[in-house]
Each structure stands twice: as structure tokens, then as C-alpha cells.
Amino acid sequence: NYTIYMGKDQFENDELIKYGLDTDVWFHVKDLSSAHVYLRLKPNQTMDDITDDCREDCATLCKANSIQGCKMKEVTIVYTRWKNLKKTADMVPGQVTYHRPQNVREMKAAKNNAVVNALNKTKEERFPDLYREQQDREREVIREKKEKKRAEDNARKAAALEAKEKKEEMSYDRIMKGDMMTSNAETKATADSTAAEEYE
């Protein structure tokens, strides 16, 4: 199950633009005024993980909530990650552009009353604290990065220790320690001493 957000007007759209999460995917009718629809993915998911049905739900919502688009047989929907949205000071409420246009995808959306009616049955009007949700998610991301770095550091240390131990096992220095070696002179002396004792 996924959560889909949609602003009621341009001012709510601006709030969603400002306080989105790194897991959000933004949908909008291309070149026309429409609702801003956000799909909240699970952490570590990408746009490639969005199912066809879920993508169609978001696109259909955009079309149905576009004054011009809802009258058209088919419209083009653009969608991209929230972090790719770019808002500048000179833009009107609800207006955005992109940091990287090449990361914006497109799809077609046709009129589909069945999808709209099904989604309306699950619709809830909420007024979440978007700022708090964003702050919570940012803290979670920081914690995840620290845990990942700690795990990588531990793995690197373990690999280095294993390599060192393996090197020591294969090293001649371990085999040829002084207290484990006997020189030719010692061998000869022992032999001579033994021989002398045998003739006493």
C-alpha cells in the first residue's frame, strides 16, 4: 500500500513542494494547470519500483483534477522525484521547474472514471504537519547514513584483519622464527658431543 497526497489548491501545492520528502514522486499534467499529486515511496525504492497500476492511479488523479485536462480524451503526465523540483522566488504559487529535466519521465493518461471513483472511496482530508514530517525524515536519513558508514567501517576493518592474518599464515617469518630454528653449527656440535660421550 502507498500513500498519495494531493493539494487542494495552488497554496497547498506550494506547501507540498516546500516540505516534500526524498521518497516522494511528483505527478502533474504537462503544460496544463492541474493538481500536484505526490506518491510516497518506501525508503530505498526508486521510480522503477512503481507498479503500473499505482502510476496509473496518480496520473488519472492529475487528469481528473485539471480544469482543461479533464475535458480532454488524453493528456501527457510528467513525473519525477520531489528532489528534482526547482522553485525560485519569482515563481507564482504552485509553479515549479526542474533541476535536471532529463530525469523527468512522461506517460499518457486517459479518462478513467472507475479509477477515480475507487480512489475517491479511500480519500481522506488531512492537514498533516508537513514540516515536522520532513524534519523526522531528514533525521532518519542521517541516522541511516551513520549506520551504513559504521557497518562499512566494521566490514573494512574485518577484511583488513582477515587479510593480515592470512598474510601471516603464508609468511616465512612465522615459519622461520629464531627459537624454532637450529643452525648447522648446533647440529654438528651436538653430533660431536654425542660421539665423544659414546667413546668415553
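Me: What makes the lining of the largest pocket divide as it does into nonpolar, polar and charged residues?
Reply: In this predicted model, the lining divides into 13 nonpolar, 6 polar and 8 charged residues, because Ala, Val, Leu, Ile, Met, Phe, Trp, Tyr, Cys and Pro count as nonpolar, Asp, Glu, Lys and Arg as charged, and the others, Gly among them, as polar. Side-chain values use heavy atoms without hydrogens or water, residues are numbered from 1 along each chain, and local features need pLDDT of at least 70, side-chain atom pairs 80 or more, whereas totals for chains, interfaces and linings use all residues.

Me: Why are Val 115, Val 116 and Leu 119 of helix 3 called buried?
Reply: Each of Val 115, Val 116 and Leu 119 is buried, which means under 20% relative accessible area with a 1.4 Å probe and protein chains only (exposed is over 50%, partly exposed in between). On the other side of helix 3, Ala 114 and Lys 121 are exposed.

Me: How do you know that the buried residues of helix 3 line one face?
Reply: Seen down the helix axis, the buried residues fall within an arc of 100 degrees, taken from the directions from the axis to the C-beta atoms, so they line one face of helix 3. Those residues pack against helix 2 (52–64), where contact means heavy atoms within 4.5 Å.

Terms used:
Helices (H or I, at least four residues) and strands (E, at least two) are DSSP runs, numbered from the N terminus.
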